Amino acid sequence: MDWAPRPAKHQPMGLKSGDVIFLDTTAIIEAHVLGIWKQLAVGFKLATFGKCLEEVVKGNRPGGGRAMVDIAEIRCEMSVLQVDDKTLVEATIASEGDLSRLHAGESELLALVHAKEGDWSISSQDLGCLHCGKALGLLDRFVSLEEMAQVAGIRRRILFRDHFTKKWLTTMRTRLRLGTL
C-alpha cells in the first residue's frame, strides 16, 4: 500500500510542455504583442473563456497599444470554455465575495478552475485575480508569460513588461501571503 500523501487539490505540479494553461485577456493580448503566441499555442494546451475573448476584441483598437488579434484564429488554437451560473455562484461563495469584484473574464476563469483537479496553471497578471486566487487556494497555480516562454522553448531574448515576469509574480505571491498587498 502506498502511504505517500496525495497532493492537495490545488497543488502546483511544475510547469511543463503540453500542460493546460488557462489564460486571461491580458495574457492573450501580451503574447500577441510579444510575438510568442504561436510558440505558446504549440507548447501548451491553451484555454480561455468566452468573456475573455469578448474583452480581447474590445481591447483591439488601432493605436490603443494593443495587438490586433484574429479571434477566429485564436478559436482554432485554444479551447474556449463557458461557465455556468452554478459554478460562478459556488466560486463566489468560496472566495467570500472576492470573485464578484473581478472583470467578467477573470471571474469565469477562476470560477471554472476552482473546482478543477489535475495538472493545470493560470496566466493572469491582474492583482485582483491574484487576490481572489489566494482566497480560492489557487495562488501557486499562477504562472508568468516569461516562464511559459521558457518552458515552450523560446530562446530569443524577450523584453517582458514587469508584471509578465516570474520575478513580479513571485514578489506579488510573497506580498499576498504576508498580507502586505
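This is a predicted model: local features need pLDDT of at least 70, side-chain atom pairs count only at pLDDT 80 or more; totals for chains, interfaces and linings use all residues.
Is cysteine 132 buried or exposed? Cysteine 132 is buried, with a relative accessible area of 1%.

Let's start with the strands. Four of them form an open sheet, in the order E3-E2-E1-E4, and the pairing is parallel. The edges are taken by strand E3 (79-81) and strand E4 (120-123); each has a single partner strand, so one side of each is left without a neighbour in the sheet. On average, and ignoring direction, neighbouring strands here are turned by 30 degrees against each other.

Now for the pairings themselves. Strand E1 (residues 20-23) runs parallel to strand E2 (residues 45-49), and the two are joined over three bridges. Valine 20 sits opposite lysine 45 in E2, while isoleucine 21 faces leucine 46 in E2. E2 also pairs with E3, again in the parallel sense and over three bridges. In that pairing, threonine 48 has valine 80 in E3 as its bridge partner. As for how enclosed E2 is, four of its five residues are buried, so the rest of the structure largely encloses this strand.

Helix H6 (residues 104-114) lies across E1, E2, E3 and E4, and runs at about 165 degrees to E4.

Take H3 and H6 as a pair. Their axes are 7 Å apart, and they pack at an angle of about 155 degrees. Angles over 145 degrees count as roughly antiparallel, and H3 and H6 are therefore roughly antiparallel to each other. The crossing of these two helices, H3 and H6, is left-handed. On the H3 side, the contact involves Gly50, Lys51, Cys52 and Glu55, which meet Ala104, Gly105 and Glu108 in H6.

The axes of helix H1 (residues 25-33) and H3 come within 9 Å, crossing at roughly 50 degrees. That angle makes H1 oblique to H3. The H1 and H3 crossing is right-handed. Thr25, Ile28 and Ile29 of H1 make the contact with Cys52, Glu55 and Val56 of H3. Cys52 and Glu55 turn up in the H6 contact and also in the H1 contact.

## The cysteines

Back to the sulfurs. A disulfide is a covalent bond between the sulfur atoms of two cysteines. How many disulfides does the structure hold? The structure holds zero disulfides. Cysteine 52 is in no disulfide, and the nearest cysteine sulfur, that of cysteine 129, is 8.7 Å away. Cysteine 52 counts as buried, at 0% relative accessibility.

Cysteine 132 is likewise in no disulfide. The nearest cysteine sulfur to that of cysteine 132 belongs to cysteine 129, and is 6.9 Å away.

Note on methods
Residues are numbered from 1 along each chain as its sequence is written. Side-chain values use heavy atoms; hydrogens and water are left out. Two strands pair if DSSP finds at least two bridges between them. Axes are lines fitted to C-alpha atoms, for helices over the stretch in contact, and angles run from 0 to 180 degrees between N-to-C directions. Contact means heavy atoms within 4.5 Å. A disulfide is a pair of cysteine sulfur atoms within 2.5 Å. Buried means under 20% relative accessible area, exposed over 50%, partly exposed in between (1.4 Å probe, protein chains only). Angles under 35 degrees count as roughly parallel, over 145 as roughly antiparallel, 65 to 115 as roughly perpendicular and the rest as oblique. A crossing is left-handed if the near helix is turned anticlockwise from the far one by less than a right angle, and right-handed if clockwise.
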